Amino acid sequence: MAVRAAHELADGDVVFVGIGLPNLACNLARATHAPNLVLIYESGAVGAVPERLPVSIGDPALVTDSLGVASMADIFQFYLQGGRIDVGFLGGAQVDRYANINSTVIGPYAKPKVRLPGSGGACEIAIHAARVIVVAPLSARSFPADVDFYTSPGQAGKYGTRAQLQLPGGGPTRIVTDVGILEPAADGELALVAVYPGVDVAQIKTKVGWALRVSATLEPVPPPTAEELTLLRDVLDPQHLYL
Amino acid sequence: MSSANPSAPKVMDMREAVGRFVHDGDTLVIEGFTHLICFAAAHEIIRQQRRDLTLARLTPDLIYDQLIAAGCARKLIFSWAGNPGVGSLHGMRRAVEQRDPQPLQLEEYSHFGLVARMAAGAAKLPFWPLRNYRGSDLPAVNPLIKTIECPYTGEQLATVPALNPDVTIVHAQRADSAGNTQIWGLYGVQKEAAFAASRVIVVVEEIVPESVIRADPNRTIIPGFIVDAVVCEPWGAHPSYAQGYYDRDNDFYVAWDGISRDAKGLEAWLNEWVYGVGSRGEYFDKLGEDVTARLSAKPRMSEGVNYGF
């Protein structure tokens with residue numbers, strides 16, 4: 001998933017990076033096809049070039065040799081709300097058919113079955129980033145037809161479409177999973193657009209909670225290169241914190 | 001209004017600062033986004049058995065997990081409640097799910113919303129507008145998130161109310177004895193949290209002469225005249241970190257998951273590491289020399305600039 005997510009990034013993109021796999025993907029992209037990626041962390045680091053894989057989103061290695069450090073008020077108001085972020089990364093416990101994301105509660109809010117950490121910066125990233133890449137392994141439990149709680153708005157849902165809501169950013173545009181890639185169709189519903197080598201489409205369909213549409217033409221998915229795998233395993237995450 | 005009295009001496013130990021400026025029932029902010037989280041202050045608050053606090057922080061983190069488990073809090077205002085990269089905050093979850101050691105009321109935002117609350121508080125405005133929350137369930141579960149029509153464009157904007165804590169505690173690398181405070185590295189919402197508060201305690205790694213502050217004024221984020229107390233507490237942020245002084249103790253953050261998983265384990269830890277020591281100095285001695293060898297920062301000096309004219 002780290003390699004697939006890295007491929008979603010273009011050189012020069014200004015990226016709002018989350019911790020974990022997205023962080024790994026961004027640093028892989030920076031070491032390969034996108035050397036001019038600008039990494040911005042919600043903690044305030046701008047143009048970070050972390051020498052070690054950051055364990056937290058506020059790691060001191062994000063500051064050392066960065067281009068700048070901003071207050072969080074500036075990060076959210078000027079960088080994110082100001083429309084300066086090309087790509088945001090989000091994960092979540094649940095992603096639904098319109099890419100609404102839940103990272104708040106499983107079950108009812110007042111009496112949850114599982115209390116999750118909550119939004120953090122996710123809600124505003126989903127609203128403002130020009131495009132959002134969601135990274136999450138595919139399973140029927142994590143991809144229900146409807147999420148239990150809308151933490152971060154997707155393409156459409158009970159509150160209407162993004163156009164009706166006049167949301168400034170593009171919202172979730174690519175869902176990178178462990179078996180393939182989903183993308184919203186014109187009506188906002190997620191469809192399967194890429195399948196990884198050796199994976200069966202019929203099997204993927206059993207891993208979502210709705211009747212999954214499959215794109216007429218699937219994108220080609222090249223296997224990870226030896227260079228990418230070496231970088232990930234030996235250089236970027238040698239302690240295997242995320243792999 | 002700040003109660004800071006310009007002629008009163010401000011440098012004091014943590015026991016006195018908490019004793020004088022943190023009261024039962026207060027709304028308390030101890031900020032610091034991963035960086036500069038003042039565990040030394042939280043531990044003294046636990047030792048002095050403050051009660052019925054409303055705790056506000058973007059990320060409750062281990063610091064509020066400990067305050068909640070120690071029975072200091074009745075309410076939590078937050079935007080992301082987890083142990084970063086590790087998992088749940090078990091102390092907080094026990095309070096919410098099992099009312100143990102007592103019930104905990106939650107008031108939930110996203111980061112942007114809570115940052116905006118502190119910005120409004122610092123600016124002494126009643127609320128702050130932001131383009132956010134449309135398409136999210138957060139306003140449905142938090143009635144304090146409202147909307148307003150922009151008088152210029154007619155656009156519907158979200159609003160959040162000002163947060164004005166009774167007391168804010170800021171950890172920083174250095175200050176002078178008057179409380180002029182300098183931070184480098186990530187500074188999160190420390191400035192907004194300080195300006196929003198009625199009382200401000202600054203806790204620093206080092207107290208430096210005023211001339212050191214004046215030699216690099218762009219680094220000052222809190223002016224002494226809004227500060228009530230200055231406490232010098234080296235390693236006062238451990239297991240959080242202070243850029244240029246010591247690294248984050250990531251091993252402890254991982255270990256906390258096991259320590260806090262059941263109430264007894266967490267209580268035993270508080271007995272040993274909080275109630276069982278009289279001060280941050282004793283806590284540091286108890287950590288042993290291994291911690292300085294493991295976490296002390298390597299030098300990476302900045303060049304310095306010409307402030308001449």
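**Sheet, helix packing and contacts in the predicted model**

In chain B, strands β5, β7 and β6 form, in that order, an open three-stranded sheet with antiparallel pairing. The edges are taken by β5 (127-130) and β6 (146-149) of chain B, each of which has a single partner strand, so one side of each is left without a neighbour in the sheet. From one strand to the next, the twist averages 40°. The structure described here is a predicted model.

Strands of a sheet pair through backbone hydrogen bonds, in either a parallel or an antiparallel manner. Between β6(B) and strand β7 (residues 156-161) of chain B, which run antiparallel, there are four bridges. Within this pairing, B:Ile148 has B:Leu157 of β7(B) as its bridge partner. Helix α5 (residues 111-123) of chain B packs on the sheet and touches β5 and β7 of chain B. The direction of α5(B) makes about 140° with that of β5(B).

The domain assignment divides chain B into domain 1, comprising 14-109 + 164-295, and domain 2, comprising 113-161. A distance of 27 Å separates the C-alpha centres of domain 1 of chain B and domain 2 of chain B. Their contact draws on 11 residues from domain 1 of chain B and 11 residues from domain 2 of chain B. On the side of domain 1 of chain B that touches domain 2 of chain B, at least two residues are supplied by each of β4 (105-108) and α7 (190-196) of chain B. The most is given by α7(B), with four residues. In terms of residue class, this side of domain 1 of chain B consists of six nonpolar, two polar and three charged residues.

Two helix pairs of chain B were also examined. Packed helices are described by the angle between their axes and by the distance between those axes. Helix α3 (residues 61-69) and helix α4 (residues 90-98) of chain B pack at an angle of about 45°, and their axes lie 7 Å apart. This angle makes α3(B) oblique to α4(B). The crossing of α3(B) and α4(B) is left-handed. From α3(B), the residues B:Tyr64, B:Asp65, B:Gln66, B:Ile68 and B:Ala69 meet B:Gly91, B:Met92 and B:Ala95 of α4(B). Classified by type, the residues in the contact of α3(B) with α4(B) are five nonpolar, two polar and one charged.

In the other pair, helix α2 (residues 39-47) and helix α10 (residues 263-275) of chain B pack at an angle of about 105°, with 10 Å between their axes. The helices α2(B) and α10(B) are therefore roughly perpendicular to each other. On the α2(B) side, B:His43, B:Ile46 and B:Arg47 meet B:Leu270, B:Val274 and B:Tyr275 of α10(B). The contact of α2(B) with α10(B) includes four nonpolar residues, one polar residue and one charged residue.

Chain B also touches chain A, through a contact that takes 38 residues from chain A and 40 residues from chain B. On the side of chain A that touches chain B, the elements giving two or more residues are α3 (72-80) and α4 (122-128) of chain A. By class, the residues of this side of chain A divide into 21 nonpolar, 13 polar and four charged.

Definitions and conventions. Residues are numbered from 1 along each chain as its sequence is written. Chains are lettered from A and ligands numbered from 1 in the order in which they are written. This is a predicted model: local features need pLDDT of at least 70, side-chain atom pairs count only at pLDDT 80 or more; totals for chains, interfaces and linings use all residues. Domain bounds come from an automatic or database domain assignment. Two residues are in contact if their C-beta atoms, placed from the backbone, lie within 7 Å. Ala, Val, Leu, Ile, Met, Phe, Trp, Tyr, Cys and Pro count as nonpolar, Asp, Glu, Lys and Arg as charged, and the others, Gly among them, as polar. Axes are lines fitted to C-alpha atoms, for helices over the stretch in contact, and angles run from 0 to 180 degrees between N-to-C directions. Angles under 35 degrees count as roughly parallel, over 145 as roughly antiparallel, 65 to 115 as roughly perpendicular and the rest as oblique. Two strands pair if DSSP finds at least two bridges between them. A crossing is left-handed if the near helix is turned anticlockwise from the far one by less than a right angle, and right-handed if clockwise.
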